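Colleague: Before we discuss this model, could you take me through the terms as they come up?
Modeller: Gladly; here it is.

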Amino acid sequence: MKTIIVSNRLPVKITNNNGEMEFRQSEGGLATGLGSIYRQGNNMWLGWPGIEAADEENHGEITARLEKMNLYPVFLTQEEISLYYEGFSNETLWPIFHYHPTYARYEQSYWDSYVEVNKKFKEAIFKIAEPGDTIWIHDYQLLLLPGMIRQEQPNITIGFFLHIPFPSYELFRLIPWRAEILDNMLGADLLGFHTFDDVRHFISAVSRILPVHTSANEISYNERVVVAETFPMGIDDKKFESLADSSEVLENATALRESFGSSKMILSIDRLDYSKGILQRLQAFDILLQKNPEYIEKVFLYMIVVPSRDTVSQYKDLRDEIDKLVGNINARYRTLNWTPVNYYYRSFPVEMLSALYKMAEVCLISPMRDGMNLVSKEYVASRTNNTGVLILSEMAGAAKELIDAVIVNPNNVGEVYRAIIEALNMPLEEQQRRMQAMREVVSKFNIRHWVKIYMDRLQEVKAMQGSMQAKHVEYQTLSLIETQYSRATRRIIFLDYDGTLVGFKSNIDLAFPDEDLYNILQQLIADPANHIVIVSGRKYQTLEDWFGKMPIDMIAEHGVWQKRKDSEWIKMPGLYNQWKQDIRPILETYVDRTPGSFIEEKSYSLVWHYRKVEEGLGELRANDLMNTLRFITVDRGLQMLPGNKVIEIKNVEVNKGKVAATWLDNMNYDYVMALGDDHTDEDMFKVMPETAFTIKIGSNISAARFFLRDYKEVRRLLKSLALKRSVNV
């Protein structure tokens, strides 16, 4: 078994030096962290090598040399790079995911190319993947890849990590191909994001756009459970610590100090992008010099902007704006010996960056939206003497971890300006207190830790999925169930009603027991070793009408009402139903909006049924309703239970599992069985003893040990058991 890492670009730079190809591995944060995986054994990293597919005569040589580095190339044409990468990835997804929807372009040709390139990656993976392999896919260029792989290899282990923010539902829904994107993302077993907000936005999007059931951070889709979780990415902290004290960095720092004297440096490093807040940062610095002339010749802004896509109109315009603003500030405040903004439109080697980190008294990182922002962590790791101040945008993922930074809203230029003054005047003791705390965070949650916790969690998710894949009751299992049934002398059998004992009816009043069901129950009751309990969400009056004359126990409305044979119905104490007056108007709104839906009222619950609603519309409205009620129900001590074409709202104390457990406490049963078909029955399965025969109807994703396909299989099972009298009676 091996691990295959997949990303748009390989961690390698290939250059043509006088006809000779030179291969240099990347030293970026992701490449460093994942080096612990892809460089081991027969593991691989698959991606585009940065060379156009047109240069086909070199493909064989490139592939052979890359394989020695545990890398595997996917060659792309210039058209694919233009449409898939520059087009859909960066002109459709990037602006939406970074909250700039007005910049987004929805071109069909972009989407078509994006689909085809994702397919090309899939085909490349299947050339090297084998059963049992783990595939870890990275970032927004390959959102469709998990689903494409899952379709052909249903049991393979797939992880996915998104390195940019995931937008709120209101923005994500703007994408014309939103459902296809989410459907394919859910092909992964574990979806990783930088922050909890990203996870929350993703779960909101899938629950509103797709017919899925979500519970906390687990998503049930296509008979699988997918987990979405937060994994804040770290850096190679030891690398930046050691760099800060290296001779080359110290020489660079000395040269910088000689150039700038005693003036305090405010450092700013970004890639050219409209999401980075560069203009607002310059405006804040302008205000600083305008309102506080005493800082002239005492402070300077050292601003590095790494070139990026400056042939695209938005980026070209942004660069022009930066040039104008920098020129304007320098023209107004420059002196013979001092330039307020030292602006560099190019990339710097890491040794120079380290010297800048070491020298800068203030690091100003204020993106309008950013997935994590590792520059902030690199600055912290480089401050080995625990001095310096980090000003950090609350819109960067790193702000959730580096809480001792001076946190700002990047849209509030005045707030950024005041933060600069605070940072420049912060006492040394306060600087050290904050920096030491941040350095501990950066050191503990480093890139190696990020890789380890993600891969560990991926294995946990696969194990959980395996445990939830309940087995179908076939000949061997049936034989075991029957044998233990025959040997038992005291049995208890819990039976859900709708969907378990009877089929699903669009009209709930038509789902009454038929003669065949009565005969089965009579045969089971006839065995003195059997104790039969019907556990249903139905009203107790309905169960009384149907089964009141039979010597069986009944639990109605999920546990609100209970009746043991030969006794009267009793109600669970301590329940209240005044909350209905707040919830019912919301449900009525959804009835008005959804033809075919209706409300059923029980003693201590309200049920919204959509079994008569057009396929697709019901699921859409149900997800919308659950999102609407999510916080209202929690505040009132209520719970929402999505079932088969229903959403039930009831008191949080009401639980099939709790009430079923009281039946188990009363007697020492040597045979326990529980059958049920929906979410409410999971609570019952979870309280059963490990040896109990728990059986889910209609789905193999369950806490139950086994599953049956439908009520017909349930009846066949119960009939076969009824014929097996206890051999010890």
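Modeller: On a 1 Å grid over the protein atoms alone, a cavity is a set of points where a 1.4 Å probe fits but cannot get out, whereas a pocket is an open set with protein on both sides within 12 Å along at least five of seven lines, and lining residues have an atom within 4 Å of a point. Grid points are joined across faces, edges and corners, and a volume is the space filled by probe spheres set on the points. By this rule there are three cavities of 30 Å³ or more. The model is predicted, so local features need pLDDT of at least 70 and side-chain atom pairs pLDDT 80 or more, while totals for chains, interfaces and linings use all residues. Residues are numbered from 1 along each chain as its sequence is written, and side-chain values use heavy atoms, with hydrogens and water left out.

Colleague: What lines the largest cavity, and which residues lie nearest its centre?
Modeller: The largest cavity, with a volume of about 320 Å³, is lined by 24 residues, and Asp 498, Gly 537, Arg 611, Val 646 and Asp 678 lie nearest its centre. Strands S24 (598–602), S25 (605–609), S26 (638–642) and S27 (646–651) each give two or more residues to this lining, strands being DSSP runs of E with at least two residues and helices runs of H or I with at least four, numbered from the N terminus.

Colleague: Why is the largest cavity said to lie between domain 3 and domain 4?
Modeller: Both domain 3 (471–574 + 655–724) and domain 4 (589–651) give residues to its lining, so the largest cavity lies between them; the domain bounds come from an automatic or database domain assignment.

Colleague: How do the residues of that lining divide by class?
Modeller: Six are nonpolar, eight polar and 10 charged, where Ala, Val, Leu, Ile, Met, Phe, Trp, Tyr, Cys and Pro count as nonpolar, Asp, Glu, Lys and Arg as charged, and the others, Gly among them, as polar.

Colleague: What space lies in the second largest pocket?
Modeller: The second largest pocket holds about 1100 Å³, and of the 37 residues that line it, His 213, Ser 220, Gly 643, Lys 696 and Ser 699 are the closest to its centre. That lining divides into 14 nonpolar, 12 polar and 11 charged residues.

Colleague: Which residues of H19 and H25 meet?
Modeller: Asp 516, Leu 517, Ile 520, Gln 523 and Leu 524 in H19 meet Arg 715, Leu 718, Lys 719 and Ala 722 in H25, contact meaning heavy atoms within 4.5 Å.
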